[in-house]
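I opened the notebook today with a chain that is new to me, and I wanted to write down what I looked up, one topic at a time.

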Amino acid sequence: MDIRVSETPFDPGAESNAFLDRGKAAGAAVTFTGLVRSLPDDPIIALTLECYPELAIRQLTAIATEAVTRFSLADITVIHRYGRMLPGEPIVQVMALSAHRQAAFDGAQMVMDYLKTDAPFWKKETTATGEHWVEAKSADDSAKARWEA
Amino acid sequence: MKVLYFAWLRERLNLSEEDIAFPPEVVTTGDVIAFLAARDEAGALAFERPAIFKTALDARIVPHGTPLADAKIIALLPPMTGG
């Protein structure tokens, strides 16, 4: 298990290759990468993530451990950046390794669904008209809740 | 006790952390929020909806109403928006 929280940019391709190299015989690997979004009708200039690093590491480790146990994952990596980022830059990467694809998909998705509401990161968008904090979405609570059934 | 504020809460209070010697009636994490809400106008506005905040004692998230006990740091966390 590899859990990292850092202000330093990371290279999603290199991270994915390193993850596969470590566990290629396992059978199935899923990678999710979250990127800074800027859509034509809602463009942003930058995204700044605030973080409580010590708590973030603890929360991400707990979430990843739960996913490993629940889906019998062979390995998991979670990388989350904070600080200022530009559109297209990677924010988060979750990689799950398993003997079968469904467990790898489920493990990666569960980690992302929990991370959205339970890991201490806060997004602030900078647009042409100013800055604002991104509001928490009830859809994110619902996405997490389905794993708790 | 050291108190940490994050994101828009930090901005509304114009403060990222402070040391507070709480009076003896402040026993739980909920009491801390009530204390800060009653302290001044900025606190009253910032903690208008106290139930939305999570709290961490010594960098561990705890349920609402947990006793502060011997904790050295309390962090007040607005709804999280990572990922």
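How many positive and how many negative side chains does chain A have, and how far apart do the centres of the two sets lie? I looked this up in what is a predicted model, and I found 15 positive and 21 negative side chains in chain A, with the centres of the two sets 3 Å apart.

Next I turned to the fold. I noted four helices and eight strands in chain A, and, reading from the N terminus, I wrote their order down as β-α-β-β-α-β-β-β-α-β-β-α. The radius of gyration of chain A is 16 Å, close to the 15 Å that the globule rule gives for 149 residues, so I recorded the chain as being as compact as a globular protein of that length. Along its principal axes, I found that the C-alpha trace of chain A spans about 50 × 35 × 30 Å.

Then I looked at contacts and cover. Among the contacts in chain A that link residues at least 6 apart in sequence, 78% join residues at least 24 apart. I noted that 49% of the 149 residues of chain A count as buried, and that the accessible surface comes to about 7,400 Å², with 53% of it belonging to carbon and sulfur atoms.

Last, I picked out one helix. Helix α3 of chain A takes in residues 101-118, which is 18 residues, and from its first C-alpha to its last it reaches 25 Å, close to the 26 Å expected at 1.5 Å a residue. I also checked its cover, and I found α3(A) mostly covered, with 13 of its 18 residues buried.

Key
Residues numbered from 1 in each chain as written. Chains lettered and ligands numbered in written order. Predicted model: local features only at pLDDT ≥ 70, side-chain atom pairs only at ≥ 80, totals over all residues. Heavy atoms only, no water. Helix = DSSP H or I, 4+ residues; strand = E, 2+ residues; numbered from the N terminus. Rg over C-alpha atoms; globule rule 2.2 N^0.38 Å. Buried < 20%, exposed > 50% of the residue type's maximum accessible area, 1.4 Å probe, protein only. Contact = heavy atoms within 4.5 Å. Areas by Shrake-Rupley, 256 points an atom, 1.4 Å probe, with all protein chains shown as cover. Lys, Arg positive; Asp, Glu negative; His and termini not counted. Charge placed at Lys NZ, Arg CZ, Asp CG, Glu CD. Expected span 1.5 Å × (residues − 1).
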